Amino acid sequence: MEAMPKPDPTPRRRIANPHAWARYWRIMRWMTLLALACVVVALIYFKTGGSPVPVHMVIAASLGVFLTVMVGTGLMSLAFLSSGSGHDEDAADPFDERH
């Protein structure tokens, strides 16, 4: 007969240590600059393409490039924040035989 799995421990009140938050904001600042650089590269590509590009396509492409980079950055940064805060270690492994 299998033992019932233990529930996850109650999370700590503090979300993350200050160093993890500092790393999160540092990553977000650098990746915002990278996202803006990618938008500039896309605009240069449109300008040197030879044919005129409608303004709606320029706006849509610029927003699309910027938001795609920022959403990916935000999700990965939150994974790093979770790891740096210790929450990953607090979660119980249901397949761990030692408990």
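Visitor: Why is Y45 called exposed in this predicted model?
Guide: Its relative accessible area is 61%. Exposed means over 50%, so Y45 is exposed.

Visitor: What makes F46 buried or exposed?
Guide: The relative accessible area of F46 is 17%. The limit for buried is under 20%, so F46 counts as buried.

Visitor: How many aromatic pairs does the structure hold?
Guide: There are three aromatic pairs. In one of them, the ring centres of Y24 and W25 lie 4.9 Å apart, with the planes at 75°.

Visitor: Why is the pair of Y24 and W25 called edge-to-face?
Guide: Two limits apply: centres within 6.5 Å make a pair, and planes over 60 degrees apart make it edge-to-face. With 4.9 Å and 75°, Y24 and W25 meet both, so the pair is edge-to-face.

Visitor: Are Y24 and W25 buried, exposed or in between, and how do you know?
Guide: Y24 has a relative accessible area of 11%, so it is buried. W25 has 46%, which falls between the limits of 20% and 50%, so W25 is partly exposed.

Visitor: What makes the pair of Y45 and F46 tilted?
Guide: Their ring centres are 6.3 Å apart and their planes stand at 50°.

Visitor: Which residues do ring pairs link into a cluster?
Guide: The cluster consists of W21, Y24 and W25.

Visitor: Which residues form the largest nonpolar core?
Guide: Seven residues form this core: A20, Y24, M28, A35, V69, M70 and L81. Helices α1 and α2 are the elements that give two or more residues to the core. The largest share, four residues, comes from α1.

Visitor: Why does M28 count as buried?
Guide: M28, a residue of helix α1, has 12% relative accessibility. That is under 20%, so M28 counts as buried.

Visitor: How far apart are M28 and M70 in sequence and in space?
Guide: They are 42 residues apart in sequence, and their C-alpha atoms are 8.0 Å apart. Leaving out residues up to four places away in sequence, M28 touches M70, T73, G74 and S77.

Visitor: Where is S77, and what makes it buried?
Guide: S77 lies in helix α2, residues 55-85. Its relative accessibility is 2%; the limit is under 20%, so S77 counts as buried.

Visitor: What does S77 reach or touch?
Guide: The side chain of S77 reaches the backbone oxygen of T73 at 2.8 Å. Beyond residues up to four places away in sequence, S77 touches Y24, I27 and M28.

Visitor: What is the secondary structure of the protein chain?
Guide: The chain has three helices and zero strands. Buried residues make up 19% of its 99 residues.

Visitor: Where in the protein chain is confidence lowest, and where is it highest?
Guide: Confidence is lowest in helix α3, residues 87-90, at a mean of 62, and highest in helix α1, residues 18-48, at 92. The mean pLDDT of the chain is 83, and 71% of its residues reach 70 or more. Where pLDDT is low, the predicted coordinates should not be read in detail.

How values were computed:
Residues are numbered from 1 along each chain as its sequence is written. This is a predicted model: local features need pLDDT of at least 70, side-chain atom pairs count only at pLDDT 80 or more; totals for chains, interfaces and linings use all residues. Side-chain values use heavy atoms; hydrogens and water are left out. Buried means under 20% relative accessible area, exposed over 50%, partly exposed in between (1.4 Å probe, protein chains only). A polar contact is a pair of N or O atoms within 3.5 Å; within protein, one must be able to donate a hydrogen and the other to accept it, and residues adjacent in sequence count only if both atoms are side-chain atoms. Contact means heavy atoms within 4.5 Å. pLDDT is the predictor's confidence in each residue, from 0 to 100. A nonpolar core is a set of buried Ala, Val, Leu, Ile, Met, Phe, Trp, Tyr and Cys residues joined through side-chain atoms within 4.5 Å. Rings of Phe, Tyr and Trp (its six-membered ring) pair if their centres lie within 6.5 Å; planes under 30 degrees apart count as stacked, over 60 as edge-to-face and the rest as tilted.
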